[in-house]
Amino acid sequence: MLNDKSVNKPQVRPGFGRGPGGHGHMSGMMGPKVKTKDAKGTMKKLWKYFAKQKGQYLLVIILVLGSTLLSLVGPLLIGYGVDVLTAGKGLVDFNKLFTILIWMGLAYLLSALMNWVQIYVMVGVAQDTVWQIRTDLFAKIQTLPLKFFDSRLHGDIMSRLTNDVENINNTLSQSATQLIASIITVLGTMGMMLYLSPVLTLISLIAFPLGMYISLKIAGNSRKYFAGQQKELGMLNGFIEETISGQKVVKTFCREEKSLETFSEDNQKLKKVGIKAQIFSGFIMPVMSVVNNINFAIVAAVGGWMSVKGMITVGVIASFLNYTRQFSRPINEIANQFNMIQSGLAGAERVFEIMDEKPEFEDNAGAPEITKVAGDVNFNNVSFGYKKGITVLKGVNIVARAGQTIALVGPTGAGKTTIVNLLTRFYDIDEGTITVDGKDIRTVEKDSLRKCLGIVLQDTYLFSDTVRENIRYGRLESSDVEVENAARIANADSFILRLPEGYDTVLTEDGMNLSQGQRQLLTIARAILANPAILILDEATSSVDTRTEMNIQKAMLSLMKGRTSFVIAHRLSTIRDADEILVVNGGEIIERGTHKELLEAEGFYFDLHSSQQRKIS
Amino acid sequence: MRKLAKYIKPYWKQAVLAPLLMILDVATNLLQPAFMAKIVDVGIANGDINYIIKTGIIMIGIAIMGILGGIGVIVFSSTVSQNISADIRMDLFKKIQSFSFDSLDKFKTSSLITRLTNDVLQIQNIVVGLMRIAIRAPLFCIGGIIMALTINPGLAAILIFTIPVIVIAITIIMKKGFPLFSIVQKKLDGVNGVMRENLTGIRVVKAFVRSDFENKRFETANKEFKAINVQASRLVGMTMPVMMLVMNLSIVAVIWFGGIKVNVGNMQVGEVMAFITYMTQILFSFLMMAFVVIMFSRAKASADRIVEVLETEIDIKDTKEASEEIIKNGRVDFENVSFRYTGAGGEPVLKKISFTALPGETVAILGSTGSGKTTLVNLIPRFYDVTEGRILIDNKDVRDIKLHSLRSSISMVLQETNLFSGTIEYNLRWGNETASEEEMIEVAKVAQAHDFITSFSDGYNTALGQKGVNLSGGQKQRIAIARALMKKPKLLILDDSTSAVDMGTEARLQVALKNMLKGTTTFIIAQRISSVLAADKIMVLEDGEIADMGTHEELIERCAVYQDIYRSQLGKEAV
């Protein structure tokens, strides 16, 4: 393999040109080194994935070996060819030259072919492996308990699912094979050179330690500046994110000038350290280039001297010139490839951390399904805390007979939503029992339990698909007519029809093309479609104005008939018709009764209620 | 891309010096093989050891000279690219600061952030790449061809075959590859989209027991992504083997035809050796140029997105005659105001709104979602400009008042609470940098925030995470209200800003506000009737029009919409 001797040529990798997601190598950006905590363990886990395609990976390694070794033969044959030419005018032995060149052509052809097949196969296997990892990861995410999502930043999980997996892919399809190729090239070249002339080998390698030393020094320095740059970049990006997200507030307070000042300062800081980082890291290129050129000169001169002395032929010089050039590049790259593999491993480790998370409590073996639920729900002395030692609910007792509406009221943080989290078994209780139709919910199959619960939550979840499909989410097998009926009951019909494409309007990823109230209506329609025995409405109408809410409530009332309903609301008006109102405060039920009873009791509920009514009377 | 070219101007000296130094660098690289040829053809052929050593030393000298060029290129290219990206970033940020709400809505926060961060970085990379590679490759190519021609024009004819082969191969691969990669990107967005949706919607997924459904949805996205990615990567993966093959086979050709020429006496061995080196340099420079094209195409998208922001017209700005007077009384008149969002068709959001708010009055605005409440109050500080009619403050059209004077006398608490990382005090002082501590505490007390603030161990020095993550919704809203009160505004606008505050606290807040805000004209948008009972005027908005306006007592008598809302909240028996 003959290479241009300039060091700063781009490294062409099999995956070059991939979308913006890929890491361009010309960026001159090298992140700070990432270390794996348990490289061995991570490799073992990765191995499980490789093992499934052992054969193909083996093939890839054989092909890499073959193509690299074959390419090493090239320069040797160039030398032989040159030797034939040294015979001079009229004396060139064309038969011999022809044979050499045929071999040379064959070697290069075969090498290129093997290289191509290797890339072809590798891309396939690597993508298969990464595909498998991604699928497993997603399936795993589905099984994880809510606790996992509540205790982690979504950004962090997201980055593991995307960047880290992509990192594994890059490592697999590029760095790993290239590392093998680089090592073979270095060793093979060394061997070839020693075979041709040990003396010239020693001499031609004189400049290398010098170059290595300088580049290590530079790398050390630039790492320092890169860390600084990373820090400044993080600061600036943080500031950008915060300011732009709050841009409207910035404007209401006329803080534009002020934020410009801060930005300008941070920006300058980033620029200063950025220049240094880039210069320092860039130095490696010209330094390696000069080392290469000096080598070239030394080989030419010393080789020339040796050739005059009859120690070597001119062809050996020609071979050497090519070998030394081929020698320096992989040495530069090995360090880089190691870093890439390291960061790939670190990514893999972060991915496997998720894979190793404990899944949501498994059903007890043979837990029966619960179907045809009447809707009796009992909480017996239920206590619960999200963290050990901090109880959120203390000795809660609730009796809801089939078809009743139970309302939960109380200040924020009182534990209302927690009660919902427990009934759905998003979390498991610490003490007491919760029963549905007399069956402890921990003894029945979790999925069947959730299937008989219909939940409308504070946070709306709509995915990027049509309005129709979003509603159908409530019951996948329902017909279009049923979907539209549900929308009508939820009073969502009229605004849906006003959307550009009606029921077939595609929602943007986060449903941003709808107002908060409209999104709520869709999720309510979804719950209506699900037709559950037990209904849970967690502040479901909080983002809808009261008139719309009243309309929804009319629909809700007819929906709630025959179903056990739990309604959480901070607007008292919405719950006055409940069969029982539970006032929750500090994790305990402090009052219970009907609206009328509670008013007569003149307790906490009365206070809440009168704060709303005070000025009317 | 061209539109960003002006950013190079301030640094044109360095930008020109870099390629000049590059010539030095490239020249030293090109000279080496020529000297090497001399060593072989003169030194070795004549057995002249002195000549060999002398030439060797010259070569080392040249190599060392080359490093000057190389380092210079690095220094200048780094300086220029970092400066340019800093300048662009600054201009972008400045531009966004001057955006009206309209432009902010149009671009979306996340997209603006990407433009400021990733896209600028892309530009920075292309500038470095341009200065380090894009200029180097053609230099190498041309220099190499010249050297090859001087050695032996006949042999250089080989290039006539190889260069087109390389160019065609690269072009085909890129032509086919580019569209593929944009599909890859789309499919990747799809995969990531499903992931993100599942993270944010995990409760619902679990509640509806839809893991299987989601798994299937993901599998589809994931499969599509894999298939197209394999196809694209395989295609592009051909580049290297093809390149190497062409290059190596042309070396074979050089040796063969070189051999013929040597045999005839037209050429010497050293020249053949040098020729091989030039050949590889020339061919590699084509590969580099292909890279530059790829870089450009990637950066182009970024450049377009940056320019789009930079070229957005600032639609709300001061006129020359605008008055700097600050608002003294706080009388607000709407005269026949209509409003429509730019680009939105259909009915206007507000239709012929006319009313007057006297100094010190409290005007409450009620209405269903989408009736235009928020839009109406956003017109007062000129976050949007009216489409028709006019808004007067103290009898002066708001468009004739300097934005800064206008907005610094108006305080507004937005529906969506935004706090910033820093201490609570830092956040409060957004309203007023120079307020005394007593003033700050007093305001916090009015906003019913003092008690919970002091319950934190660091009190007012408690550091808030980004967006105030460590506070509850109600707490955030109360801090936002306190922040607005710090301004001591002549006009206060509360846009549904107590929705997360529990009712008991809200009642106390209202009493305290009432006492503090004497002389301040106040607009309150609210959902609950209880929040607006005490207002001097209650405006009922319906589909962008004023359905009625009056006191609670008047409205309960005559306004059907109001009665509806009232009933919906208080239940029938209360009427």
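Biologist: How many residues does the contact take from chain A and from chain B?

Modeller: This is a predicted model, to begin with. In it, the contact takes 149 residues from chain A and 149 residues from chain B.

Biologist: Which helix gives the most to the side of chain A that touches chain B?

Modeller: Helix α9 of chain A, residues 256–308, with 29 residues.

Biologist: And how do the residues on that side of chain A divide into nonpolar, polar and charged?

Modeller: There are 73 nonpolar, 51 polar and 25 charged residues on the side of chain A that touches chain B.

Biologist: Switching to chain B by itself. Which domains is it divided into?

Modeller: Domain 1 covers 2–310, domain 2 is made of 321–409 + 489–575, and domain 3 covers 418–485. The C-alpha centres of domain 1 and domain 3 of chain B are 52 Å apart.

Biologist: How many helices and strands in chain B? And what share of its residues is buried?

Modeller: Chain B has 19 helices and 12 strands. Buried residues make up 51% of its 575 residues. As for contacts between residues at least 6 apart in sequence, 78% of those in chain B join residues at least 24 apart.

Biologist: Now the open sheet in chain B. In what order do its six strands come?

Modeller: The order is β6-β9-β10-β3-β11-β12, and the pairing is mixed. β6 (410–413) and β12 of chain B are the edge strands; each has a single partner strand, so one side of each lacks a neighbour in the sheet. From one strand to the next the twist averages 15°.

Biologist: Which helix packs on the sheet, touching β6 and β9?

Modeller: Helix α16 of chain B, residues 473–485. Its direction makes about 175° with that of β6(B).

Biologist: Let's look at β11(B). Why is it largely enclosed by the rest of the structure?

Modeller: Because five of the six residues of this strand, 537–542, are buried. Buried here requires 20 or more other C-beta atoms within 10 Å of the residue's own.

Biologist: What makes A:G395 partly exposed?

Modeller: There are 15 other C-beta atoms within 10 Å of A:G395. That count falls between the cut-offs, because exposed means 12 or fewer and buried means 20 or more.

Biologist: Which residues is it in contact with, leaving aside neighbours within four places in sequence?

Modeller: A:G395 is in contact with A:N381 and A:S383. A:F379 is 16 residues from A:G395 along the chain, and their C-alpha atoms are separated by 9.0 Å.

Technical notes
Residues are numbered from 1 along each chain as its sequence is written. Chains are lettered from A and ligands numbered from 1 in the order in which they are written. This is a predicted model: local features need pLDDT of at least 70, side-chain atom pairs count only at pLDDT 80 or more; totals for chains, interfaces and linings use all residues. Helices (H or I, at least four residues) and strands (E, at least two) are DSSP runs, numbered from the N terminus. Two residues are in contact if their C-beta atoms, placed from the backbone, lie within 7 Å. Ala, Val, Leu, Ile, Met, Phe, Trp, Tyr, Cys and Pro count as nonpolar, Asp, Glu, Lys and Arg as charged, and the others, Gly among them, as polar. Domain bounds come from an automatic or database domain assignment. Two strands pair if DSSP finds at least two bridges between them. Axes are lines fitted to C-alpha atoms, for helices over the stretch in contact, and angles run from 0 to 180 degrees between N-to-C directions.
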